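Okay, thanks for making time, everyone. Let me put the thing up on the screen, and then I'll walk you through what I looked at.

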Amino acid sequence: MTKVIITLKDEDQYFIETAMKAGRYVTESEAIADALSELRAREELHQARFAELRAKIMVGIEELERGDCAEWNVEEVKSEGRALLASRQAKK
């Protein structure tokens with residue numbers, strides 16, 4: 001195991017010390033290891049979401065290249081949305 005010196009902000013040091021006093025961790029190293037584990041999990045989730053988004057974009061590009069798309073007009077979409085909203089509000 002490699003020994004590393006980490007400099008923490010005072011409030012982070014206090015947070016770790018408080019967690020240790022509460023019994024969540026025995027050592028500062030345990031607290032840092034837990035934090036790194038959480039960071040890894042968050043990064044993995046971020047990468048998975050990014051890959052999913054990239055895959056959806058590729059599907060869209062492939063559909064466009066095949067011509068599997070329809071033209072649309074922003075003003076028509078707005079108009080339809082406003083009409084739908086007005087009809088829902090009229091029912092209230």
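Let's start with Tyr25, which counts as buried because its relative accessibility is 12%, under the 20% cut-off. Keep in mind as we go that this is a predicted model. So where does Tyr25 sit? You'll find Tyr25 in the loop between H1 and H2. And which residues does Tyr25 touch, if we leave aside its neighbours within four places in sequence? Those contacts are Ala19, Met20, Glu30, Ala31 and Asp34.

Now step along to Val26, which is also found in the loop between H1 and H2. Is Val26 buried or exposed? Val26 comes out at 64% relative accessibility, so this one counts as exposed. While we're on Val26, here's a distance for you: from its C-alpha atom to that of Ser87 is 62 Å, with the two residues 61 apart along the chain.

Okay, on to the helices on either side of that loop. H1 covers residues 10-21 and H2 covers residues 28-66, and their axes are 10 Å apart. The packing angle is about 110°. Who makes the contact? From H1 we have Gln13, Ile16 and Met20, and from H2 we have Glu28, Ala31 and Ile32. Split by class, the residues of that contact are 4 nonpolar, 1 polar and 1 charged.

Rolling a probe the size of a water molecule over the atoms shows where empty space is left. The largest pocket has a volume of about 440 Å³. Its lining includes Met1, Thr2, Lys3, Val4, Ile5, Ile6 and Leu8, and Gln13, Ile16, Glu28, Ser29 and Ile32 are in the lining too. Which element gives the most to that lining? That's H2, with 3 residues, while H1 and H2 each supply at least two. In terms of class, the lining of the largest pocket has 7 nonpolar, 3 polar and 2 charged residues.

The second largest pocket holds about 170 Å³ of space. Tyr25, where we began, is one of its lining residues, and Leu8, Asp12, Phe15, Ile16, Ala19 and Arg24 are among the others. Ala31, Ile32, Asp34 and Ala35 line this pocket as well. The elements giving two or more residues here are H1 and H2. How does this lining divide by class? For the second largest pocket, it's 8 nonpolar, no polar and 3 charged.

That's my tour, so over to you for questions.

Technical notes:
Residues numbered from 1 in each chain as written. Predicted model: local features only at pLDDT ≥ 70, side-chain atom pairs only at ≥ 80, totals over all residues. Heavy atoms only, no water. Axes fitted to C-alpha atoms, helices over the stretch in contact; angles between N-to-C directions. Helix = DSSP H or I, 4+ residues; strand = E, 2+ residues; numbered from the N terminus. Contact = heavy atoms within 4.5 Å. Nonpolar A, V, L, I, M, F, W, Y, C, P; charged D, E, K, R; others polar. Buried < 20%, exposed > 50% of the residue type's maximum accessible area, 1.4 Å probe, protein only. 1 Å grid on protein atoms, 1.4 Å probe; cavity = no way out; pocket = protein on both sides within 12 Å on 5 of 7 lines; lining within 4 Å. Points joined across faces, edges and corners; volume = space filled by probe spheres on them.
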